[in-house]
Amino acid sequence: MTGPKRNRLLEERPLPRDGQERGANRKAARSVTVNLAESPLGWLLARGMVTRRQYDAGERLRADWERAQLAPSVTMRWDAPPTGKAARGAPEGADSTTVQVAAKLRFEGATEAVGAGLTDILWRIVCAGEGMRDAEVALGWPARAGRVVLGLALDRLADYYRL
């Protein structure tokens, strides 16, 4: 027996090559199909509750959050050992620490631009992946208030990212 059919919003995304940022004009060697409805922000986009501009701003913030590795780690790091005299290790490129620090600075700049009153709902929905109802309850807000506040936060975030 199959369950109820769920709506899926699929999008093909290129995987960036080493040293290549997303959005670069090079053709990616591989791509991945992403279900945009899996995240709370994607769910809101699929139902027309946020605009594409707001969604893109939220995804950039989430990418910086993940790149900065601000979420708690539950496993060990499997980075290649440092290069030395032996012929082993990762190829030369951006140091993961440098990339992590830069992403953390972008994340902090973005949340500062959004403002203290709007950052809570933004972080809960976009970064922590909480649903709207859970975020509203955690913040002690009435039902449907989170959607309005999240829209304001995403608009400020889009202005910060110049989208």
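The model is predicted; local features require pLDDT of at least 70, side-chain atom pairs count only at pLDDT 80 or more, and totals for chains, interfaces and linings use all residues. Residues are numbered from 1 along each chain as its sequence is written, and side-chain values use heavy atoms, with hydrogens and water left out.

The protein contains 6 helices and 2 strands. Helices (H or I, at least four residues) and strands (E, at least two) are DSSP runs, numbered from the N terminus. Along the sequence the order is β-β-α-α-α-α-α-α. The chain has 163 residues, and 29% of them count as buried. Buried means under 20% relative accessible area, exposed means over 50%, and partly exposed lies in between (1.4 Å probe, protein chains only). The accessible surface comes to about 11,600 Å². Carbon and sulfur atoms hold 53% of that surface. Areas were computed by the Shrake-Rupley method with a 1.4 Å probe; for residues, only the protein chains shown count as cover. Contacts (heavy atoms within 4.5 Å) were also counted. Of those between residues at least 6 apart in sequence, 55% join residues at least 24 apart.

Helix H2 spans residues 52-67 and includes Gln 54. Gln 54 has a relative accessible area of 7% and is therefore buried. Its side chain places a polar atom 3.2 Å from the backbone oxygen of Gly 151. This is a polar contact, defined as a pair of N or O atoms within 3.5 Å; within protein, one must be able to donate a hydrogen and the other to accept it, and residues adjacent in sequence count only if both atoms are side-chain atoms. With neighbours within four places in sequence set aside, Gln 54 is in contact with Gly 151, Leu 154 and Asp 155. Ala 57 also belongs to helix H2. Ala 57 is buried because its relative accessible area is 0%. Its contacts, with neighbours within four places in sequence again left out, are Leu 154, Leu 157, Ala 158, Tyr 161 and Leu 163. Ala 57 and Val 126 are 69 residues apart in sequence, yet their C-alpha atoms are 9.9 Å apart in space.

Thr 111 sits in helix H3 (residues 96-114). At a relative accessible area of 16%, Thr 111 is buried. The side chain of Thr 111 reaches the backbone oxygen of Glu 108 at 3.1 Å. Not counting residues up to four places away in sequence, Thr 111 touches Leu 61 and Thr 119. Arg 124 is part of helix H4 (residues 116-127). Arg 124 touches Gly 129, Glu 130, Ala 135, Ala 138 and Leu 139, residues up to four places away in sequence not being counted.

A probe the size of a water molecule, rolled over the atoms, shows where empty space is left. On a 1 Å grid over the protein atoms alone, a pocket is an open set of points where a 1.4 Å probe fits, with protein on both sides within 12 Å along at least five of seven lines; lining residues have an atom within 4 Å of a point. The second largest pocket holds about 290 Å³ of space. Helix H1 (40-46) and helix H5 (132-139) each give two or more residues to its lining. Among the lining residues are Trp 43, Met 132, Arg 133, Glu 136 and Arg 144. The lining divides into 6 nonpolar, 1 polar and 4 charged residues.

Two arginines have positive phi values. Arg 144, which is not a glycine, has a phi of about 70°. Arg 144 lies in the loop between H5 and helix H6 (145-160). Its relative accessibility is 68%, so Arg 144 counts as exposed. Arg 162 has a phi near 60°. Arg 162 falls in the segment after H6. With a relative accessible area of 77%, Arg 162 is exposed.

Terms used. Points joined across faces, edges and corners; volume = space filled by probe spheres on them. Nonpolar A, V, L, I, M, F, W, Y, C, P; charged D, E, K, R; others polar.
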